Amino acid sequence: MADPENGRSSSDRSPSSDVTIDGHAEDGREKSSDDEEKGQDEGPPQPVGFFSKSLNKVRLQIFGLWARTTLILAVFILTVLSLYWAVLFHVEKNTSSLTVFVVDFDGRVPPYTGVTPLVGPMITQTTEMMLSAPEPHLGYDTVQPSVFNNDPLAVRQAVYDWKAYAAIIIMPNATAMLQQAVDQANVTYDPLGACQVIYVEARDETTYLNYVLPQLSTLETQVTSTFGQMWTKMVMQNTTIPRTNLQQVPQALSPAIGFSQFNLRPFRPAVMTPAVTIGLIYLIILSFFSFAFYLPIHMKFLSPSGHPPLKFPIFIIWRWAATITAYFFLSLAYSLISLAFQIPFNNHSAPTTNVANNPEEYGKGTFVVYWMINFVGMIALGLACENVAMVIGQPWTAMWLIFWVITNVSTSFYSLDLAPKFYYWGYAWPLHNSEF
């Protein structure tokens, strides 16, 4: 049949044309299937073993990063943690920096100036001998009574004002009362009235319990033993003293003299310990981690979601102001814990030269003072963390926290008088000033 358009009949059409057309169709189908297979090949890569050749490059990279990180942490541990160990490295050598006044009033104040002193010179000689001994010893400093206007109470005031860790006072009538006891059979004689040991435990409980009081106890034992032997020999050789007198006042022979201890400000109750030790570490941690809690809130000013971003200098001022305001309330919450556990904050004041348990210099306002100390301390601790965190970022802020905790604890939990002079920068550290 003829095609009216091209004058060909359907029988004249070349069979090759049909093949070509069919070939193109088949090629199209093959390409489509190849594309599908290729698309499947480009899907997520399948997991491989640790030693697969395809991981050679990344494996070397990871090994290098792991080694570098481990080296950094090892050096950090050796450097920063050494600061904590080293603070007590020279304690035995530096024990002599714990000053103890030795003030001999014996026979130097009227009406006892006519008596030849025995007790005072013997004690001062003993302390001076200790200074030349190779063993660790306190820093005994023999001070003339005239420095204190011949007033034993002025010595107490000096200890209260932290001019010395302790003081040994030989009373003006120490020798006179002892001689009177054996000469006149004074049965009321008390050996503990001869000398006084003055200290303020609340200044630094750890230092007193570990170093000061044990050394003073050793001194007291040595003095009473040595003087007792000397005095007994003198009395027994004195035939003018009736033996009946000695029978009535045996305390005048043994121990003859003693030491009365006056702890002007005892450290109690025990619940106060966290407030001046581990609790202060928590204050650092709270100051540090508040940064992470408040950061998403602050960053909304810089995220232009429906509003223009805040200028960066104003943003910094806002962060500091908001952080300090937050510390005002957070320090209150921290301070209320001490109040809840009945640490006394409303006792009456007491004379500084008298023994008193927890007298309050500021009366009922003491808690507010305590709160403000924690507030200022939190600002000093926290703003440093805030500034460092903005500069170094993660993960280095964790290392900063460890450094900040260790340097503050090392210089506040232990007396800097016992530490090497390298640690004197600790006098400027926040925790040291918050505690002392």
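This report looks at the nonpolar cores, a nonpolar surface patch and the cysteines of a predicted model.

## The largest core

Let's start inside. The largest nonpolar core holds 42 residues, and those with the most contacts within it are Tyr-140, Ile-168, Leu-216, Phe-227 and Trp-231. Six elements are listed as giving two or more residues to this core: strands E1 (99-104), E3 (166-170) and E4 (195-199), along with helices H4 (119-131), H6 (174-184) and H7 (205-237). Helix H7 supplies the largest share, nine residues.

Leaving aside residues up to four places away in sequence, Ile-168 touches Val-100, Phe-101, Val-102, Val-103, Ile-123, Tyr-140, Gln-196, Leu-216, Leu-219 and Phe-259.

Ile-278, Tyr-282, Ile-285, Phe-289, Phe-293, Tyr-294, Ile-297 and Leu-330 make a nonpolar surface patch of about 760 Å². Helix H10 (residues 278-299) is the main contributor, giving seven residues to the patch.

One of the patch residues, Ile-285, is found in helix H10. Ile-285 counts as partly exposed because its relative accessibility is 31%.

## Cysteines

How many disulfides does the model contain? With a cut-off of 2.5 Å between cysteine sulfur atoms, the count is zero. Cys-195 has a relative accessible area of 0%, so it is buried. Cys-385, at 2% relative accessibility, is buried as well.

Technical notes:
Residues numbered from 1 in each chain as written. Predicted model: local features only at pLDDT ≥ 70, side-chain atom pairs only at ≥ 80, totals over all residues. Heavy atoms only, no water. Patch = residues over 30% accessible without salt bridge, like charges linked within 9 Å, V, L, I, M, F, W, Y side chains within 5 Å. Areas by Shrake-Rupley, 256 points an atom, 1.4 Å probe, with all protein chains shown as cover. Salt bridge = Lys/Arg side-chain N within 4 Å of Asp/Glu carboxyl O. Helix = DSSP H or I, 4+ residues; strand = E, 2+ residues; numbered from the N terminus. Buried < 20%, exposed > 50% of the residue type's maximum accessible area, 1.4 Å probe, protein only. Core = buried A, V, L, I, M, F, W, Y, C linked by side-chain atoms within 4.5 Å. Contact = heavy atoms within 4.5 Å.
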